[in-house]
Amino acid sequence: MTTAARPLRVAVVGAAGWAGSRHARAFAKAGANVTHLVEQGGRALPLAQELGAHVVPSIQELPSDGLELAVVALPTTLQPTICADLLSRGLRVLTEKPVAADAEGAAILATASGVHERLMVGYTLHQHPAVEILSQWVRDNDVIAVNVRSVAHKKNIDSWRSDPKEGGVAVVNGIHAVELVSSWFEGHPKVLATSASRSLYGSPVPEHVLSTLEFPSGAVFTLQSYWSPWQEPKGLNQGDWSLPIDVLAVGGRLLWSNDSLRVWDRDGRQNGRDFDPSDLFLRQAEAALRFCAGETPAVTFAQALRATEIADAIGAGAVRTAVAPGHSGGANPVTPSKPGITTTC
């Protein structure tokens, strides 16, 4: 007779937020024991009762042993310090993307104990079943251009998303595409042009960003990222997120749009595949449990840092060109580009 392995014990930091609550429920559904929720006030109490978890006000109140994984789902500027603290305790950590709001913030994590071995960065696109097919197709073809339109449904831009230190839509949403596309090509891209606007909601941050980059291979990457008050009929995360990725190569074309994948060869022949809607949080929780068992995560600190550095360069152009309601769009001070990335706007 064998004894079944006990469920892995997981704590969720920032459990009452939009992402944190989804993480907590996903891990419970994946078979983990969500033992602790870290949240101040009483916002997490209903979720704690649902999952049978304890609510504590800070990570200092987490048990010193008995946890296999801590999940961090906080505003981006707060995550590096919290993750470094948890790593220093010997825990494995799954942190929400991006790894930091900018490369300067990521430096806090760069020297943390075990950052390259025990940190998984939660870029959920890697959990979609279409991505492995897409990534292999890109590796097998001579890519000319990649065009991405990333649209996240938000009724309002407020709370932490409206804080300029968080970086605006390119950092909060568009960086998903930045990370995925940059994983296909070597080297740092040159930012050819960037434009941005904060006119749709009138918030203090860029709400719409359009940027064109070129990788050393010559592949051109165009990213359009914006928050939208209109929910689209189909999309990822139960319709909250629309993401078409159109790849043009010498030998053909591939279009991934949410749960649909279409491929054309040079002669125009087409084949495709449709996927059932995926719960990306659940698939990520399952991947994180495998990470706890020793599997290398899809996105490590090194790859997440590279995506953040590229987003910094895009943001430098966005600072210059962001236009608010009632303004003519005059130039603003530009944040210097990070070393190794050229910005031309």
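This is a predicted model: local features need pLDDT of at least 70, side-chain atom pairs count only at pLDDT 80 or more; totals for chains, interfaces and linings use all residues.
## Helices α1 and α8

Two packed helices are described by the angle between their axes and the distance between the axes. Helix α1 spans residues 18-29, and helix α8 spans residues 280-292. Their axes come within 8 Å and cross at roughly 60°. The crossing of α1 past α8 is right-handed.

On the α1 side, the contact uses Trp18, Ala19, Arg22, His23, Ala26, Phe27 and Lys29. On the α8 side, it uses Phe281, Leu282, Gln284, Ala285, Ala288 and Leu289. By class, this contact holds nine nonpolar, two polar and two charged residues.

## Helices α3 and α4

Helix α3 covers residues 79-88, and helix α4 covers residues 103-110. The two axes come within 8 Å and cross at roughly 10°. Angles under 35 degrees count as roughly parallel, so α3 and α4 are roughly parallel to each other.

From α3, the residues in contact are Pro80, Thr81, Cys83, Ala84 and Leu87. They meet Gly105, Ile108 and Leu109 of α4. Six residues of this contact are nonpolar and two are polar. None is charged.

## Salt bridges

The model has eleven salt bridges. One of them pairs glutamate 50 with arginine 25, with the closest N and O atoms 2.9 Å apart. Glutamate 50 sits in helix α2 (residues 45-51) and arginine 25 in helix α1, so this pair ties together parts that are 25 residues apart in sequence. Both ends are at intermediate accessibility. Glutamate 50 is partly exposed, with a relative accessible area of 48%. Arginine 25 is also partly exposed, at 39%.

Which residue does glutamate 39 meet in a salt bridge? The partner is arginine 43, at 3.2 Å from N to O. The two ends fall into separate accessibility classes. Glutamate 39 is buried, with a relative accessible area of 13%. Arginine 43 is exposed, at 58% relative accessibility.

Another salt bridge joins the side chains of arginine 269 and aspartate 267, at 3.5 Å from N to O. Arginine 269 and aspartate 267 are both exposed.

Is serine 228 buried or exposed? Serine 228 is at 3% relative accessibility. Buried means under 20% relative accessible area, so serine 228 counts as buried. This serine belongs to strand β10 (residues 220-228). Leaving out residues up to four places away in sequence, serine 228 touches Val151, Ala152, His153, Lys154 and Tyr201.

Isoleucine 144 is found in strand β7 (residues 143-153). Its relative accessibility is 39%, so isoleucine 144 counts as partly exposed. Isoleucine 144 touches Gly218, Ala219, Val220, Leu248, Ala249 and Val250, again leaving out residues up to four places away in sequence. Isoleucine 144 and serine 217 are 73 residues apart in sequence. In space, the C-alpha atoms of isoleucine 144 and serine 217 are 9.1 Å apart.

Definitions and conventions: Residues are numbered from 1 along each chain as its sequence is written. Side-chain values use heavy atoms; hydrogens and water are left out. Axes are lines fitted to C-alpha atoms, for helices over the stretch in contact, and angles run from 0 to 180 degrees between N-to-C directions. Helices (H or I, at least four residues) and strands (E, at least two) are DSSP runs, numbered from the N terminus. A crossing is left-handed if the near helix is turned anticlockwise from the far one by less than a right angle, and right-handed if clockwise. Contact means heavy atoms within 4.5 Å. Ala, Val, Leu, Ile, Met, Phe, Trp, Tyr, Cys and Pro count as nonpolar, Asp, Glu, Lys and Arg as charged, and the others, Gly among them, as polar. A salt bridge is a side-chain nitrogen of Lys or Arg within 4 Å of a carboxyl oxygen of Asp or Glu. Buried means under 20% relative accessible area, exposed over 50%, partly exposed in between (1.4 Å probe, protein chains only). Angles under 35 degrees count as roughly parallel, over 145 as roughly antiparallel, 65 to 115 as roughly perpendicular and the rest as oblique.
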